[in-house]
Amino acid sequence: MNSKSPSRFILKSTNEFVILWMVLTLIFNLGLYLIVRYLVDPRVQNLSLTPDRIELYSKLVWAGLILIMFIIFTIVYLLISAPRYWVDEQGIEIRSIYRAKKKIAFDFEEITEVEIRQIPLISSAFNFGTLVFYKTDQNEKKRVAFRFLGVKYPKEVYLEIIDKFENIKQKEITAEDLLL
């Protein structure tokens with residue numbers, strides 16, 4: 001292991017990644033608003049309704065639309081900014097900051113492949129990416145074990161994790177050699 005690399009470090013989603021998803025959610029909500037405003041609302045008002053019913057309908061629709069937009073925005077924010085990833089020599093641990101007792105731990109032996117995924121222009125501009133860890137199940141199929149969403153400097157983190165992973169494999173080999 002590198003002498004300058006810490007034995008245990010924490011990763012979380014970058015602010016740029018969270019802001020990107022908030023902007024995408026905002027654009028989605030704006031599209032939802034425009035659909036309701038220019039497609040649904042005029043059709044309902046063309047029906048033979050009294051002005052009192054149209055006013056009540058408008059108030060209910062806009063209150064419901066704002067509530068739905070707020071809920072979507074909040075869910076996206078919580079899902080992206082909640083996990084924290086702890087990496088050490090034994091394995092990887094994922095903790096949620098909103099549900100402190102919920103944690104998922106993986107040993108390096110379970111991981112079969114690590115991959116970096118980046119959004120073509122945005123990820124390279126802000127230098128963030130998603131690390132995807134794969135494992136094999138009982139049917140020998142490659143499955144996604146977990147993802148590190150929006151990690152800053154993903155290539156360096158990838159190399160650090162691969163270094164830890166290789167050190168674990170080397171320790172196993174030397175232990176087997178000693179037993180033989």
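What follows is a walk through the fold, the nonpolar cores, the surface and the salt bridges of this predicted model. Local features were taken only where pLDDT is at least 70 and side-chain atom pairs only at pLDDT 80 or more, while totals for chains, interfaces and linings use all residues. Residues are numbered from 1 along each chain as its sequence is written, and side-chain values use heavy atoms, with hydrogens and water left out.

The protein chain holds four helices and seven strands. Here helices (H or I, at least four residues) and strands (E, at least two) are DSSP runs, numbered from the N terminus. Read from that end, the order of elements is β-α-α-β-β-β-β-α-β-β-α. Of the 180 residues in the protein chain, 33% are buried; buried means under 20% relative accessible area, exposed over 50%, and partly exposed in between, with a 1.4 Å probe and protein chains only. A contact is a pair with heavy atoms within 4.5 Å. Among contacts between residues at least 6 apart in sequence, 55% join residues at least 24 apart. The accessible surface of the protein chain comes to about 12,300 Å², with 63% of it belonging to carbon and sulfur atoms. These areas come from the Shrake-Rupley method with a 1.4 Å probe, and for residues only the protein chains shown count as cover.

Next, the interior. A nonpolar core is taken as a set of buried Ala, Val, Leu, Ile, Met, Phe, Trp, Tyr and Cys residues joined through side-chain atoms within 4.5 Å. The largest one has 18 residues, and those with the most contacts inside it are Leu11, Val87, Ile92, Phe133, Phe146, Phe148 and Ile161. Two or more residues each come from strands S1 (9-12), S2 (83-87), S3 (91-96), S6 (128-136) and S7 (142-152), and from helix H4 (154-179). S7 is the top contributor to this core, giving four residues. Leaving aside neighbours within four places in sequence, Ile161 is in contact with Val87, Phe108, Leu131, Phe133 and Phe148. Apart from this core sits another of seven residues, including Val18, Met22, Val76 and Ile80.

Within S2, Trp86 is the bridge partner of Ile10.

Helix H1 (residues 15-46) has contrasting positions. Asn29 belongs to this helix and is buried, at 4% relative accessible area. Not counting residues up to four places away in sequence, Asn29 touches Met69, Ile72 and Phe73. Ile27, also found in H1, is exposed, with a relative accessible area of 54%.

Four salt bridges turn up in the structure, each defined as a side-chain nitrogen of Lys or Arg within 4 Å of a carboxyl oxygen of Asp or Glu. In one of them, Lys152 meets Glu16 at 3.7 Å, N to O. Lys152 lies in strand S7 and Glu16 in helix H1, so this pair ties together parts that are 136 residues apart in sequence. Lys152 is partly exposed at 29% relative accessibility, and Glu16 is partly exposed at 28%. Another bridge joins Lys142 to Glu113, with the closest N and O atoms 3.2 Å apart. This pair links Lys142 in strand S7 with Glu113 in strand S5 (residues 113-117), 29 residues apart. Lys142 has a relative accessible area of 47% and is partly exposed, as is Glu113 at 32%. Arg143 and Asp137 also meet through their side chains, at 3.1 Å, N to O; Arg143 counts as partly exposed at 42%.

Finally, the backbone. Most residues other than glycine have a negative phi. Glu140, in the loop between S6 and S7, has a positive phi near 60° and is exposed at 64% relative accessible area. Tyr153, in the loop between S7 and H4, has a positive phi of about 50° without being a glycine, and is partly exposed at 42%.

Note on methods:
Two strands pair if DSSP finds at least two bridges between them.
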